[in-house]
Amino acid sequence: MSNERNEYYATVLDSVGDGVIVIGRQGQVTLMNPAAEELTGRSRRQTLDLPFVDAFSSEPVLVEMVERTAASGVSRSDQDNVVLKNTGRLIPVNASTVPLMRADGEAIGVILTLRDMTSIRELEAAVRQADRLSTLGTLAAGLAHEVKNPLGGIKGAAQLLERELDPDNDLLEYPRVMIREAERIDKIIRQLLELASPKGPRYAPVNLHMVLGDIILLQREAAGSREVSIVTGFDPSIPPIMADEAQLTQVFLNLIRNALEAMTEGGRLTVTSRVLSDYQLGRDEGRSRMVAVEVADTGPGIAAENLSKVGTPFFSTKEGGTGLGLAICQKIVSEHRGMLKIDSQPGQGTRISVLLPLIQSPVKG
């Protein structure tokens with residue numbers, strides 16, 4: 001009966017989504033569940049019975065937490081300073097240590113739990129970005145209205161001057177430059193007003209793959225003679241979702257066009273879709289899975305110091321770019337209760353993921 005009970009407890013522990021590591025009285029690792037293996041990048045077979053301080057020597061914060069709890073019998077928690085690196089990527093975790101006690105109160109070890117905070121950190125970053133865009137949008141709207149009227153007067157005066165000059169007059173180029181620059185500023189103002197626009201999505205069932213297919217068809221022709229291959233991988237099980245088709249078309253058109261323009265010497269554009277089960281909305285949204293559409297290119301990538309600035313209005317790595325296009329994309333995705341993620345490394349291209357709620361019923365506004 002005890003063997004069955006032990007197997008039952010082992011099954012329960014293996015099914016827990018958080019990482020659990022048990023350290024014995026002598027400081028050796030006595031138990032490790034699969035979630036802990038995945039988070040730490042260490043196999044249980046190679047780690048069991050090793051001193052924790054040796055097995056996790058590259059994670060000094062965890063070692064210190066375990067040692068302090070073992071010495072004092074006091075639980076500890078750290079939500080901000082633990083970042084696991086052994087998996088080849090940085091994983092922020094919420095780490096907690098509690099003393100392992102027998103029924104008689106004797107301490108026989110320490111239990112370390114690890115919770116992956118990646119999704120939460122990404123959601124927090126998305127909320128901060130949405131707040132920044134909202135503030136910037138409000139300021140931009142006021143500025144745009146102040147500039148629009150005098151700009152119209154400058155353009156009108158330049159057009160009158162253009163008509164007054166003879167076609168062969170050397171001065172004719174000056175009013176034409178003024179008109180072109182006024183039109184360029186006017187385009188920026190329209191984008192600023194779009195960024196500040198309070199109107200939300202008009203929800204209706206949208207077939208994402210049909211939208212993406214139409215965009216790719218048009219952009220394949222626009223790519224012209226450049227040596228760019230376009231690869232798609234769509235999950236056929238994804239149903240139509242409730243969204244604003246015109247706004248999502250604007251988002252994906254902008255992302256795909258940017259990716260193609262980044263590959264000036266040719267390359268490969270990959271557009272894929274899949275369902276994510278580890279991102280969920282809150283209870284008030286009915287808890288829904290997310291659909292991820294990824295647009296990846298093999299262009300030059302983005303330098304690390306610029307990555308955090310991408311999507312900020314008027315910051316652009318593209319010559320002549322304003323950065324407003326991506327800022328508007330982020331605003332649209334945020335209004336759809338989704339998230340836009342950017343991953344890039346110099347020389348290895350850029351991947352932008354658009355995460356949208358997989359909602360099929362009408363959405364209240």
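**Loop residues, nonpolar cores and a helix pair**

R337 lies in the loop between α11 and β12 (339-344), where helices (H or I, at least four residues) and strands (E, at least two) are DSSP runs numbered from the N terminus. The structure is a predicted model, in which local features need pLDDT of at least 70 and side-chain atom pairs count only at pLDDT 80 or more, while totals for chains, interfaces and linings use all residues. Residues are numbered from 1 along each chain as its sequence is written, and side-chain values use heavy atoms, with hydrogens and water left out.

Most residues other than glycine have a negative phi. R337, however, has a positive phi, near 65°. With a relative accessible area of 28%, R337 is partly exposed, a class that falls between buried (under 20% relative accessible area) and exposed (over 50%), as computed with a 1.4 Å probe on protein chains only. A positive phi, near 75°, is also found for D49, a residue in the loop between α3 (44-47) and α4 (52-55). D49 counts as exposed because its relative accessibility is 61%.

T69, by contrast, belongs to helix α5 (residues 60-72) and is buried, with a relative accessible area of 1%. Not counting residues up to four places away in sequence, T69 touches V74, S75, R76, T97, V98, P99 and V110; contact here means heavy atoms within 4.5 Å.

A nonpolar core is a set of buried Ala, Val, Leu, Ile, Met, Phe, Trp, Tyr and Cys residues joined through side-chain atoms within 4.5 Å. The largest such core has 37 residues, of which L208, V251, F252, I256, L269, L340 and V354 touch the most other members. Helix α9 (residues 245-262) makes the greatest contribution to this core, with 7 residues. A second, separate core of 20 residues includes M32, L39, M65 and A95.

Beyond its neighbours within four places in sequence, V251 is in contact with C329, I332, V333 and V354. Helix α9 also packs against helix α11 (residues 324-335), the two axes coming within 9 Å and crossing at roughly 140°; axes are lines fitted to C-alpha atoms over the stretch in contact, and angles run from 0 to 180 degrees between N-to-C directions. α9 is therefore oblique to α11, since angles under 35 degrees count as roughly parallel, over 145 as roughly antiparallel, 65 to 115 as roughly perpendicular and the rest as oblique. In this contact, Q247, Q250, V251, N254 and L255 of α9 meet G325, L326, I328, C329, I332, V333 and E335 of α11.
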